[in-house]
Amino acid sequence: MPRIGAYYFITVSEQGKTEQAYEQFGYSGGWEAFKEFKIAEKMVHDAHVLKDVIAKAKAVKPGKMDLICGTEVTGIAAHESCGHPMEADRILGREMSQAGRSFIYQGGPHWIGTRIGSEAVTIVDDPTVKNSYGYYLYDDEGVKARRRFLYKNGRINEFLHNRESAAKLDTRSNGSSRSVNYDREAIVRMANTFVLPGKLSEEELIEDVAHGIYMKSFTEWNIDDKRFNQRYVGREAYLIERGELKGPIARPVIETTTEKFWSTVDAVSKRVEFEAATCGKGDPAQGAPVYTGGPCLRLKGVFVK
Amino acid sequence: MNDQLSKTEEIVKKAKKLGADEVIAKTTIGRYRQLRFSNNQVDITVAWNDYVTDVVLAWKKRVVATLMHDFVDVDTGLRQLMKLAKVSKESPTFKGFAKGKFRYAKSKADKKLLDLEKPTEYVFEAIDAAEKEAGSKIDSGGILFSKFEDIYLSSSEGPVGTDARSAVELSIRAFSEREASGHGVECSSTLKGFEPSRAGEKAGMIAKLAKNPELGNEGVYDVVFDPLIFGSLLGVWAGMASAFSVMTQTSVFVNRLGKKVAPESVTLKDNPAAYSMSNRVFDDEGVPTKENVFIDHGVLKTYLHNTSTAKIFKTKTTANAGLISPTPWNVELEAGNRSKDELFHEVKKGLYLTNTWYTRFQNSAKGDFSTIPRDGIFLIDKGEIKQSLKDLRISDNVFAMLGNIAAVSKERQHVHWWGEVDPPALSAYVLMNNVHMTKSK
């Protein structure tokens, strides 16, 4: 399968201050997509954003407030705190020494059917999205690919399986087995993980926020190896006052749990966007091309600092 | 002459004939063995061989590279590479490959690692040691990995040589409870002195201490870092010492050559010595490798260079090519003069951190970052480990942390695991003041 990819990393320096941005692009198909990446346009946009952050952004006054996650932030959260913990090999302990385990385990407080988010949250992993970076129709064990509903209306619904993990949990593979090369083990992987859209426009999400932050994109992020404690730092972010976007905010931080993040989602916008990423897992490391994505989310009363 | 070296040289000659100005070809014949285990059982044993030639060429300052497998269809590969060069843009940072003939040290690679006998025994030695140390049933997982690589390098600019590189490592993570774990590693370039039980004992000991963890509290702490977690930080600082990181403003060491960046007790070197998993006698340009002290008693002495970056900085290569980006091979923290126990005794109220993962930057030019400790996290009270903790994050600045090193232990350990402690390091227990810890709210 042909795939093309690109990335850029930029640093903007002014008045002794610096801000940085990273963007990745990916497509399953040929060079026809390259122009669609609009790399130059996006770099210029990012450069302006970073310049504004340096020149105008204010620090956030820490406290509980509403948070609008832009599609990029939605995507990374879906990947890290839904996709990864729903990998059955991780749940079974197969990756315990490297990529870690999951907060979901047999006999634990979370299992299929357990509530992990609000009704508004449905997250799928779907390799069949045409031309997506994680596109495939049959996995590397020959199992037909299909959409998997991971969190459905806020409940844990279906794990990602290869044939080995499925056999151990007495079910069937759902086509999640991927290997980056012929001499690498095929293991349970995500493909394109995203939140399904709702019905509101982004403006409608914002107009009901009395005081909050719009975190449009992120810079630093990480999550613990049970996939429960995570942190996202905003790159392009704005203050929201009485339903209106105000000035830029410098690197707002949310540090929260998987359950709190998805449980505080009260509304989801209707426009879905995807970002290309390279997912890390396996030993030797197998960087797998994936999409992360979704619509904008509105989280009620989360602690932002 | 060796057949593989001849074939490698042939690639260089062919590329020159096609019009390349400068060419380097490096052939690696690698034999790799890996055994993965989890839940105290072996999941899979993998053996793979790789036969690959890295080719990099410059044409009118356009630099392009490719991989060729098994010397198959070299002519087509080189023609395509030249074609690519002709549609590429001039590289502003390319200043030529290393020139001259060099003599290389003799490789000390261990031929026993060509084909590891009974690898399963090493794994169970580690599991048994972990269980014995933990004093109760444990759940463990990890890997045993060995490699033996024959390297053949030929450059149109003079360097030509052969090397053999070997390594073996065992990494084990042991759980005594669902949220109580310890991680141990045993790393070497040879089987001699390779003792998997040491890794198991360390993992088991930490797993035992880590039982019944309580949620940690945010705050600013004095921290004793285990050699394993400190190896992650050593990799960050060494990566930022690469001249490429400095040129791309992704380093905290920009404009700091000759300046104090750490306390007097801190000396950091890059040294792909014979003991290291990254052992090598020449770099990717064929320049003989050597020990490079880049922070000498707290003063930043040099960046790590290949030939091109060295010319840009008006100095000599440190033999850290990496053709695009100079890269550290094996980071060494010079031993301190206090024992590990003395470091713990100095802490009235603080933390002992044993491992970490997911080190990510919000600004690598300034050093703002966070990383998530995993496995044992412990509260130290009056020099003693008092309580196991969980769910804390280091949210700090790597430049500030370098300056906050208070003491380094005499005891050192060669560490490497996955992408988290990479490059390998000769690390130590380190006491650091004023480390900022945060947690989920």
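In what order do the six strands of the open sheet in chain A lie? In this predicted model, the order is β6-β5-β4-β9-β18-β17, and the pairing is mixed. Helix α3 (residues 71–83) of chain A lies across β4, β5 (148–152), β9, β17 and β18 (288–294) of chain A, and runs at about 120 degrees to β18(A).

Nonpolar cores were also identified. The largest comprises 96 residues, and those with the most contacts inside it include W237(B), F225(B) and V430(B). Strand β18 (residues 421–438) of chain B provides the largest share of this core, ten residues. At least three residues are drawn from each of domain 1 (3–209) and domain 2 (214–438) of chain B. Beyond its neighbours within four places in sequence, W237(B) is in contact with L268(B), V398(B) and L402(B). A second, separate core has 72 residues, among them V12(A), I104(A), I187(A) and M215(A).

Between the chains, 29 residues of chain A are in contact with 36 residues of chain B. Elements that give two or more residues to the chain A side include β1 (3–14), β2 (17–28) and β11 (218–223), and β11(A) gives the most, with five residues. The chain A side that touches chain B divides into six nonpolar, twelve polar and eleven charged residues.

Methods: Residues numbered from 1 in each chain as written. Chains lettered and ligands numbered in written order. Predicted model: local features only at pLDDT ≥ 70, side-chain atom pairs only at ≥ 80, totals over all residues. Contact = placed C-beta atoms within 7 Å. Helix = DSSP H or I, 4+ residues; strand = E, 2+ residues; numbered from the N terminus. Nonpolar A, V, L, I, M, F, W, Y, C, P; charged D, E, K, R; others polar. Core = buried A, V, L, I, M, F, W, Y, C linked by C-beta atoms within 7 Å. Buried ≥ 20, exposed ≤ 12 C-beta atoms within 10 Å, placed from the backbone. Domains from an automatic or database assignment. Pairing = 2+ DSSP bridges. Axes fitted to C-alpha atoms, helices over the stretch in contact; angles between N-to-C directions.
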